[in-house]
Amino acid sequence: MRRFLYIVPLALFIALVIYFFVAMRGGYDPSTLPSAMIGKPVPTFDLPGPLVPPSYAGPRVKLGFSNRDLLGHVVLVNFFASWCIPCRVEHPVLMGLGPAADVPVVGIAYKDKSQDAVGFLNEYGNPYVAVAMDEGGRTGIDFGVYGVPETYLIDKHGIIRLRYVGPLTAEVVAREILPAVRTLQQSP
Amino acid sequence: MRFFLLLLAILLATLTPPARAVEPNEMLKNPALEARARAISRELRCLVCQNESIDDSNADLAHDLRLLLRQRLAAGDTDRQAIDFIVARYGDFVLLQPPVEPATYLLWFGPAALLIVAAASAAIFVNRRNRTLREPAPLSAEEKRRLDTLLDERY
């Protein structure tokens, strides 16, 4: 018993070292918060599109959409803004995602002005099949957005399955997003 | 003397409470509602800065949440309902005081439990030591024999 007591501090120290080691693992960001919306239905919203449609080369975009429009297929909802620098970092990843990944991406411009959002899309290209304006940021709050960019994976029944905070990278898409998309697409 | 008064005045001036982030145009007309809104917003975390309440934070999202909170209160929500409305969207993390539930038992009761364990071990340790100091163990036969010979030698 006595012997055992002497080992306790060493055991605690080793446990702490293991904890620190695990907490420092790559890609782990403690400031990233878990979403309270996982497993819940997409909040009700009906947002208008930008006043002027983006004039990029490519298929026509749906301007404005509501939560009902998301039902029926697996879809990614991406909150972006023309004033958001990480969104520019993420943009090429989104551009590569749409057709190749076989998952529609819809964009919600968070606290952005119509012509600024369209200007952003015209300049860098449009990765979205539909674009809506959330100028007041209320829909963002209903989703639990606390900083753009944020990406939500919605299943066929309109349930939020995954949230990614911060700019998507090719690695995150390949490791987290696409496997989840495939699983959801195969489930009824 | 005048210099010291001046110095004192400067020191006191720096002691004024820090300005709050709440802007005048955000405030509700009804002082009772505004007081409730202030009390609630001091308990809600700003998700952007994460260590400030939305009452203290200048972040855009904090501003939006303050307005939303006031809208809910003005629409007739109770404090509980208004807080639940925001927790439903942002999770328990938005509460600066986490709720008491199985997942947070360690957080709430851990320090007290640690204190009790430490106090109990300290008490046991001190008690044991005192007992050995007060009533030393009785002498063994061998010790008694040695003591007797020592005492005999002297007298």
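## How much the chains bury

Buried area is the accessible area, taken with a 1.4 Å probe, that two parts lose on being put together, summed over both. In this predicted model, chain B and chain A bury about 1200 Å² between them, and 54% of that is on carbon and sulfur atoms. On the chain B side, the residues that lose the most area to chain A are B:Asp64, B:Arg89 and B:Tyr90, which together account for 40% of what that side buries.

Counting residues instead, 17 from chain B are in contact with 16 from chain A.

Take A:Asp142 and B:Arg89: they form a salt bridge, with their closest N and O atoms 2.7 Å apart.

## What chain B brings

Two helices of chain B, α3 (60-74) and α4 (79-90), each supply at least two residues of the side that touches chain A. The top contributor to that side is α3(B), with six residues. Sorted by class, the side of chain B touching chain A has 10 nonpolar, three polar and four charged residues.

## A greasy patch on chain A

Over on chain A, there's a nonpolar surface patch of about 840 Å².

Methods
Residues are numbered from 1 along each chain as its sequence is written. Chains are lettered from A and ligands numbered from 1 in the order in which they are written. This is a predicted model: local features need pLDDT of at least 70, side-chain atom pairs count only at pLDDT 80 or more; totals for chains, interfaces and linings use all residues. Side-chain values use heavy atoms; hydrogens and water are left out. Contact means heavy atoms within 4.5 Å. A salt bridge is a side-chain nitrogen of Lys or Arg within 4 Å of a carboxyl oxygen of Asp or Glu. Helices (H or I, at least four residues) and strands (E, at least two) are DSSP runs, numbered from the N terminus. Ala, Val, Leu, Ile, Met, Phe, Trp, Tyr, Cys and Pro count as nonpolar, Asp, Glu, Lys and Arg as charged, and the others, Gly among them, as polar. Patches are made of residues with over 30% relative accessible area and no salt bridge: like charges are joined within 9 Å, nonpolar side chains (Val, Leu, Ile, Met, Phe, Trp, Tyr) within 5 Å. Accessible areas come from the Shrake-Rupley method with a 1.4 Å probe; for residues, only the protein chains shown count as cover.
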